[in-house]
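Look over the sequence and the model first, then read the points below.

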Amino acid sequence: MASFSVVCNTGFFPVQNKLGVHGGKPKSLGRYRDFCCNSFSSSFLRFDKDCNFEHGLFCNSELRSLSNGKSGVWLQGFNNSGKSKQGLRCYNKIEPLANENSANKQINLGKKRSSKLRKRFSLRLRPRLRLLAIRLRRVSIRSILVDVVIFLRNNVRRVTLFTSISVALGMCYLFLRLTAMPSPKMVPYSELITSIRNESVTKVLLEEGSRRIYYNTNCPIIGNTQLSNEELPSNRIENMADDVASDDGQQSSQALNVNVVKQLSATRSSAPEWQFSTRKVDHDEKFLLSLMREKGITYGSAPQSLLMSMRTTLITIISLWIPLMPLMWLLYRQLSAANSPAKKRRPDNQLVGFDDVEGVDAAKLELMEIVLCLQGAINYNKLGAKLPRGVLLVGPPGTGKTLLARAVAGEAGVPFFTVSASEFVEMFVGRGAARIRDLFNVARKNSPSIIFIDEIDAVGTKRGRSFNDERDQTLNQLLTEMDGFESGSKVVVVAATNRPEVLDPALCRPGRFSRKVVVGEPDEDGRRKILAVHLRGVPLEENANLICDLIASLTPGFVGADLANIVNEAALLAARRGGESVTREDVMEAIERAKFGINDKRFKRSTISNELGKLFPWMPSLTGKNNTRQDGQQGPLGYQTLS
Ligand SMILES: Nc1ncnc2c1ncn2[C@@H]1O[C@H](COP(=O)(O)OP(=O)(O)OP(=O)(O)O)[C@@H](O)[C@H]1O
């Protein structure tokens with residue numbers, strides 16, 4: 001008998017293995033530890049110095065088993081109270097952990113924590129580099145080129161636009177660089193007057209068409225500092241040359257002279273044409289001119305040079321337009337989206353047919369008739385009848401209005417233009433109306449065709465009720481377009497709404513949406529048929545008809561979308577528990593979820609029985625008299641649900 005210890009969240013249990021569990025010889029302690037740590041939230045195995053398994057510690061509040069696989073050692077898990085199902089028992093009360101063990105445990109916990117920290121903060125560069133190398137090895141230049149070509153081919157417009165913008169910006173930059181000139185130093189107007197009075201100003205230019213005044217003085221500036229008379233270039237060369245000559249002799253003075261001349265000539269070449277510029281003060285021209293005349297200063301006026309005016313214009317354009325670019329981009333996107341309001345769908349892309357829509361037979365019949373008229377199977381002209389211009393599908397959400405429209409398109413085999421009315425609601429006045437016009441033009445060109453407008457209440461609400469003029473304009477355009485069909489034009493407009501009462505009466509008058517088809521909630525038989533459609537591809541444990549009957553009977557008031565959701569939920573539940581097929585229990589759970597949401601089980605059990613009791617009072621199992629769920633094992637209607 002091998003005795004070993006088990007540690008739980010609550011304490012430490014010395015236990016005895018009645019079945020004689022003993023340890024094999026592990027190759028290394030680490031391997032066993034790793035194994036245990038991977039399997040349990042907290043584990044610890046103890047080996048003697050010969051590496052014989054001595055005892056094990058593991059902590060887990062659930063019942064689990066641990067196997068080392070190779071040596072055939074099985075340890076059975078314990079719950080919090082120290083009980084085990086198979087052979088292990090706790091013969092002592094909870095005791096404090098022995099010193100040695102607690103020390104070991106502390107060490108292990110510390111190691112674990114530090115390794116966790118290391119793992120969390122390590123960059124794991126080596127595997128990343130390896131991965132990068134593998135990816136780079138897979139990359140081939142040819143495939144990159146092919147990708148680039150495909151991208152260019154698919155985005156010709158965008159690439160052209162971006163290329164031209166980049167080229168234009170590049171050329172602007174080049175122009176600015178090439179025509180860049182050193183600008184004169186900006187000084188206050190008073191400084192000009194002072195300089196004129198000091199007679200240091202040599203030449204003045206008044207720019208035509210602007211308030212700028214340029215002037216030169218007899219003291220040149222280098223960088224931002226004005227040189228005094230002593231610092232004038234010619235004086236400086238002489239001074240520097242003299243200094244050097246007196247210090248080091250003739251040879252070095254020659255070399256320095258060359259350097260100084262070079263430096264000053266560079267300064268001269270980068271010097272602006274005008275040293276200073278200032279801004280004219282209003283009503284002071286007379287005084288300025290008389291002062292200049294008095295001092296005998298050369299002055300004149302000239303227009304801005306062509307190059308400079310080009311530069312100024314360009315800089316203004318760039319500085320104005322660059323911040324406006326995002327706005328322009330948004331505008332461009334709006335306008336380009338406005339040009340494609342309808343996604344043209346060809347009949348062969350449609351996978352939905354009338355077989356896929358069930359439980360709404362009356363609506364289906366009405367629409368089938370229109371399909372037959374469009375296909376020419378019914379000769380309505382013979383009796384002087386006209387093809388209905390519009391069909392309004394009315395009904396609660398999820399009853400299959402959109403599905404019906406898609407089925408019409410699929411069956412009719414004519415071009416189908418689907419659009420959501422909210423796409424016509426535009427920020428810019430007139431854009432919604434333009435979109436409607438475009439849509440009808442395209443449909444007319446492709447006649448016979450069908451236009452489907454989903455959620456028409458987004459634009460079709462009664463006019464004059466709000467200050468939204470754009471919406472009214474859009475509706476007016478829709479009314480005009482529906483009136484404007486030529487008698488021979490075979491364009492049918494199918495629209496869907498949940499709120500027919502808010503629609504403008506003009507929209508529903510005969511000649512526009514003259515046919516109103518109510519797509520209501522399905523009855524039990526309808527629900528059964530809808531379920532049969534959605535259960536087509538789902539593997540069931542039981543007969544599909546039985547399941548359909550069961551769900552249909554339990555879901556009064558459910559619409560097609562709800563039923564589709566129940567089937568999907570049941571399949572997901574089956575997948576979650578790893579099942580091969582959907583069972584009755586999955587379906588019942590899915591119904592519970594659809595009816596009451598995903599809730600706490602304790603809450604759900606009582607609520608479900610009450611709610612179902614209210615819904616189906618004739619069912620004895622739900623009234624509470626014969627409640628088989630008292631033990632907490634049974635679900636609604638006596639079916640056992642997963643808990
Ligand atoms: N009669 C039905 N037969 C089969 N499936 C249906 C039916 N009604 C609804 N469904 C399912 O519900 C989904 C949603 O239906 P649909 O979008 O047509 O509803 P809707 O009436 O247009 O809703 P809304 O008014 O909110 O737009 C469909 O994709 C389909 O899977």
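Five strands make an open sheet of mixed pairing, in the order β8-β13-β10-β9-β14. Strands here are DSSP runs of E with at least two residues, helices are runs of H or I with at least four, and both are numbered from the N terminus. Two strands pair if DSSP finds at least two bridges between them.

This is a predicted model: local features need pLDDT of at least 70, side-chain atom pairs count only at pLDDT 80 or more, and totals for chains, interfaces and linings use all residues. Residues are numbered from 1 along each chain as its sequence is written.

**Whole chain**

- The protein chain holds 21 helices and 20 strands.
- Of its 643 residues, 25% are buried. Buried means that 20 or more other C-beta atoms lie within 10 Å of the residue's own; exposed means 12 or fewer, and partly exposed is in between, with C-beta atoms placed from the backbone.
- Among contacts with a separation of 6 or more, 69% join residues 24 or more positions apart. A contact needs two C-beta atoms, placed from the backbone, within 7 Å.

- Strand β13 (residues 276-279) runs parallel to β8, and 2 bridges join them.
- Lys185 stands opposite Phe276 in β13.
- The loop between β13 and α9 contains His283. This residue has a positive phi of about 60 degrees, although it is not a glycine.
- Why does His283 count as exposed? Because it has 7 C-beta neighbours inside 10 Å.
- Gly296 follows α9 and has a positive phi, near 70 degrees.

- Strand β16 (residues 390-394) is mostly covered, with 5 of its 5 residues buried.
- From β16, Gly390, Leu392 and Val394 point one way, Val391 and Leu393 the other, and all are buried.
- β16 runs parallel to β19, with 5 bridges between them. Val391 has Val494 as its bridge partner in β19, and Val394 stands opposite Thr497 there.
- β16 also pairs in the parallel sense with strand β20 (residues 515-518), over 4 bridges. In β20, Val518 is the bridge partner of Val394.
- β19 (491-497) is mostly covered too: 7 of its 7 residues are buried.
- One side of β19 carries Val491, Val493, Ala495 and Thr497, the other Val492, Val494 and Ala496, and all are buried.
- Strand β18 (residues 449-454) is joined to β19 by 5 bridges, and the two run parallel. Ile453 has Ala495 as its bridge partner in β19.

- Glu455 sits in the loop between β18 and α14 (457-460). Its phi is near 50 degrees, a positive value in a residue other than glycine.
- Glu455 is partly exposed because 18 other C-beta atoms lie within 10 Å.
- Arg499 lies in the loop between β19 and α16 (505-508). It is exposed because 12 other C-beta atoms lie within 10 Å.
- The C-alpha atoms of Arg499 and Thr461 are separated by 9.4 Å, and the two residues are 38 residues apart along the chain.

**Ligand shell**

- Which residues come nearest to the ligand? Of the 18 around it, they are Pro397, Gly400, Thr402, Gly560 and Ala561. A residue is near a molecule or strand if its C-beta atom, placed from the backbone, lies within 6 Å of it.
- α12 (401-412), α17 (524-534) and α19 (560-576) are the elements that give two or more residues to this shell.
- By class, the shell has 9 nonpolar, 7 polar and 2 charged residues. Nonpolar covers Ala, Val, Leu, Ile, Met, Phe, Trp, Tyr, Cys and Pro; charged covers Asp, Glu, Lys and Arg; the others, Gly among them, are polar.
- Domain 2 (343-518) and domain 3 (524-638) each supply at least three residues to the shell. The domain bounds come from an automatic or database domain assignment.

**Annotated span**

- UniProt, in an unreviewed entry, places a "transmembrane region" at residues 159-176. UniProt positions are given in the numbering used here, feature names are shortened, and annotations may be inferred rather than shown by experiment.
- In the model, residues 159-176 are 100% helix and 0% strand, and their end C-alpha atoms lie 26 Å apart.
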